[in-house]
Amino acid sequence: MQPPSRAECLCPGSAAHRRGPSGCRNGTSDGGGEAAQQRLPYPAAHLLDSVTGLPNRRYFMERLEEACEQARLRGNCLGLLYLDLQRFRQINDTQGHELGDLLLAEIAGRFSAQVEPGEFIARLGGDEFMVLLTDTRPAAMAHAIERYRSSLMAPIRLSERSFSISASVGAALFPRDADTAQSLFQHASIALNHAKQDSSRTRFFTATMADELHQYEILQLRFSEALAKDKLSLAFQPQFSLKTGKLIGAEALCRWHDEILGHVSPATFIPLAEEQGLICALGEWVLEAACQQLMTWERQGKPFPGRLSVNVSAQQMDDPRLAEHIQRIATRVPPGKLGLELTESGLMRNPEQTVRVTRALCRAGFSLAIDDFGTGYSSLSYLKRFAADTLKIDMSFVKDMLKSSHDHAIVSTIIAMAQTLGMLTVAEGVEAAEQAEALSALGCTGVQGFHFGRPVDGDTFAKQWL
């Protein structure tokens, strides 16, 4: 048997979608999702979402296919709105799935009360809803978006608690943006991803979005291949003592030069690695490559003074056995030669675990530096518990410390605090002699930056500084 007809689905009085289980179009309840399903002829019940009583994903895609075909024959336009609830997953995780289902039912009821003739709403799953608008135009779609979003303005009260929910919306138009149901759905999804990153939380699909997505997919594939086939490299930026002028260490920095894409900035591929779940694998590769370089310099008769610092990601810190893992990789490296840098914001993601992991790393013989200090809002009570011996002053403060009294005060305070705690300080991004002189006057221990040396490959580093 076929699902209910298109006319049945789009009819203002259709029980299939004019209301969710929390209420009908006029806002009054009449028995919930079960009653709504019982009113529909077989086999419509299995095409409804069990939580909200709205059409489910399968039902919606059938309606979308049919609507696109009708619009193609009649020369009409279709609009597609993809709605994603903000904060719902957080509420669902903290308050429980039972309350989450009640919340979804209430939201479905509010959305259903906004449906006008020619509109078809469904729940796709999770916290995602979709609205199909027949014979529409962009201006009418914008008004529809406002209707559905406005329905969530009033807080939702459940179990004597109040919840504020809003929605991000991606929109696409047939046939302007796509000529098939599947591509229209995909383009609305792409627009939604952009909406989540936009302050307005609403975006209409554009061809540029599709091009960006295509480029991003290429970037993903190329990076995965580069990591798997050892096509990354390390550069090393020297660190010097402000008191003696001697080399006291270096920071190992990951670099990627792709045969097709050219040089790809770490600001691009590191977030990509985090999104793909590859950041731990990348961190392991960097650590192994750094250890290998230390041994290479040793064999060349150019031993490395001080310590070589390697960045550790926040995701790596989630591993309670990180110290054991790093120790296995660095077994052939002399003790004290390898240092680890952990960002302040990463340390504060799970501070109690950070205390345990940093102390284990310290016991294993690794020195620790807190990177980008001053940007992560760390608690001083935790700072003294972290087993770190160095604070790295973020370059954003160093850059303007000679022009801004506020930045100068921040740098001065960090250095004074480190001295009180018995910690060293390394200032990043030092690009002028005047900055180095000011830092030295404040008691800063070490520096790195273009004024002293740019990041270079291992062979060049050995020739210049070892």
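Entry 1, cavities. I take a cavity to be a set of grid points where a 1.4 Å probe fits but cannot get out, and I count a residue as lining when it has an atom within 4 Å of such a point. The model I searched is a predicted one. Over the whole structure I found three cavities of 30 Å³ or more. The largest cavity holds about 60 Å³ of space.

Entry 2, the lining. I listed the residues around the largest cavity: Arg 222, Glu 225, Ala 226, Lys 231, Trp 256, His 257, Asp 258 and Glu 259. By class, five of the lining residues are charged, two are nonpolar and one is polar. I then asked which elements supply at least two residues each to this lining. They are helix H8, residues 207-228, and strand E9, residues 247-258.

I set aside the neighbours of Leu 232 within four places in sequence and looked up its remaining contacts. Leu 232 touches Phe 223, Ala 226, Leu 227, Cys 254, Arg 255, Trp 256, Leu 282 and Trp 285.

I counted 19 helices and 16 strands in the protein chain. Of its 466 residues, 51% are buried. Among contacts with a separation of 6 or more, 69% join residues 24 or more positions apart.

The mean pLDDT of the protein chain is 86, and 89% of its residues reach 70 or more. Over residues 1-43, however, pLDDT stays under 50, although the model has 90 contacts beyond four places in sequence for them. Where pLDDT is low, predicted coordinates should not be read in detail.

I located Gly 301 in the loop between H10 and strand E11, residues 307-312. Is Gly 301 buried or exposed? Gly 301 is exposed, because its relative accessible area is 56%. I also checked its distance to Leu 466, 165 residues away along the chain: the C-alpha atoms are separated by 9.4 Å.

Terms used:
Residues are numbered from 1 along each chain as its sequence is written. This is a predicted model: local features need pLDDT of at least 70, side-chain atom pairs count only at pLDDT 80 or more; totals for chains, interfaces and linings use all residues. Side-chain values use heavy atoms; hydrogens and water are left out. On a 1 Å grid over the protein atoms alone, a cavity is a set of points where a 1.4 Å probe fits but cannot get out, and a pocket is an open set with protein on both sides within 12 Å along at least five of seven lines; lining residues have an atom within 4 Å of a point. Grid points are joined across faces, edges and corners, and a volume is the space filled by probe spheres set on the points. Helices (H or I, at least four residues) and strands (E, at least two) are DSSP runs, numbered from the N terminus. Ala, Val, Leu, Ile, Met, Phe, Trp, Tyr, Cys and Pro count as nonpolar, Asp, Glu, Lys and Arg as charged, and the others, Gly among them, as polar. Contact means heavy atoms within 4.5 Å. pLDDT is the predictor's confidence in each residue, from 0 to 100. Buried means under 20% relative accessible area, exposed over 50%, partly exposed in between (1.4 Å probe, protein chains only).
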